[in-house]
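Please consider the model shown below.

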Amino acid sequence: MSTQRPEGSRSRPTIATVAEAAGVSIATVSRVMSGSSKVKQELADRVHEAADQLAYRPSRAARGLALGSLRNIGVILPDLTNAYFFDVVNEMHRGAAENGYRMLVADSNGDPDEELNTALDLLGQVDGLMLLSSRIPTAGLKQLARREAPAVLVNRIELGVDLPMVVADNFSPMMQLCSHLAQLGHTRAVYLGGSEFAWQNRERWRAVQSAVGFGLQVTHVSADGTVEGAHAAVPEALEHDPTALICFNDLSAIGAISALRDAGLSVPEDISVTGFDDIVLARHIAPALTTVTSPKAQLGRRAWDLMRVMLDSDERPDSPEPLSAQVVLRHSTGPARILRG
């Protein structure tokens, strides 16, 4: 299969160009790009390979003429019970409604394979996909990037994937949290992690690891970013005799505070606790949570703005710069107690 363009040709590749390069009919390319399952896998692979080589993107206008706009946008997120996602999705919904689109929301339960399968299933029902805090492996994201329906990655940066990405800065505010703890005299802490598949978890742990420069030694204890998961992980965390728990998110912090209370420990007198996201509950629990305010509504609006550009044209917009996030100091952090031993 040859995908070399004619010498001197700088014209944009067309469906006919892809069909010729793949050695198939134009109708076959059209079926593959629309997500049809009626094409043999070997032919579909040839079409996708040719499209990749030629940097071919199907025309949104052509799809609209052939299929008609569905006026649906698919949204896939890892945990519907996490209040963090409400503000993000709500702002997406506002933008979609203003432009005459409905949103179909699906929960992947944080499972990478389930998320990819859900995304592929939705392709025939939506005009575009929003992937929030996606756990899909890189190969799966590249597969989605080849499809006709546009997709936007929210809360994830993945190099080598041809999708627009919208994120908030996770590294800098986590470093600021660690600096805050160090200034309070903390030298030994535990990081209660989130999902191993989450880009945000990787970024936050990367920042925490850098806190050694502040004199803060941090041990990683696995959890899953939920209240119950963090609650169950606290006994292991306490084995390291920390004076602070740095939690992946606010839900983890809430679960940790509950477990510490069950163990007869006071926050922050015996141990400090930090969260991340600043969900509504974070300011109403006792003690109010030191955390990071994530720009949730701005993330949702930026994601929709990128989607709208792709729905209205054949353009693939550049990913904007990361949004800033601010540390909020409340009452769950205090001076370090004197360490034992």
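Isoleucine 76 stands opposite leucine 131 in β3. Strand β3 (residues 128-132) runs parallel to β1, and 4 bridges join the two; strands (E, at least two residues) and helices (H or I, at least four) are DSSP runs numbered from the N terminus, and two strands pair if DSSP finds at least two bridges between them. This is a predicted model, in which local features need pLDDT of at least 70, side-chain atom pairs count only at pLDDT 80 or more, and totals for chains, interfaces and linings use all residues. Residues are numbered from 1 along each chain as its sequence is written, and side-chain values use heavy atoms, with hydrogens and water left out.

In β2, isoleucine 76 has alanine 106 as its bridge partner. Strand β2 (residues 102-107) pairs with β1 in the parallel sense over 6 bridges. Between β1 and β2 the chain passes through helix α5 (residues 84-98), and this β-α-β crossover is right-handed, that is, clockwise from the first strand over the helix to the second with the strands pointing away from the viewer.

Of the 6 residues in β1 (residues 72-77), 6 are buried, meaning under 20% relative accessible area (1.4 Å probe, protein chains only). Asn72, Gly74 and Ile76 are buried on one side, and Ile73, Val75 and Leu77 on the other.

Elsewhere, 4 strands form an open sheet with parallel pairing, in the order β7-β6-β8-β9. Strands β7 (217-221) and β9 (272-274) stand at the edges with a single partner strand each, so one side of each lacks a neighbour in the sheet. Strand β6 (residues 188-192) runs parallel to β7 and is joined to it by 5 bridges, with tyrosine 191 opposite histidine 220 in β7.

Key
Buried means under 20% relative accessible area, exposed over 50%, partly exposed in between (1.4 Å probe, protein chains only).
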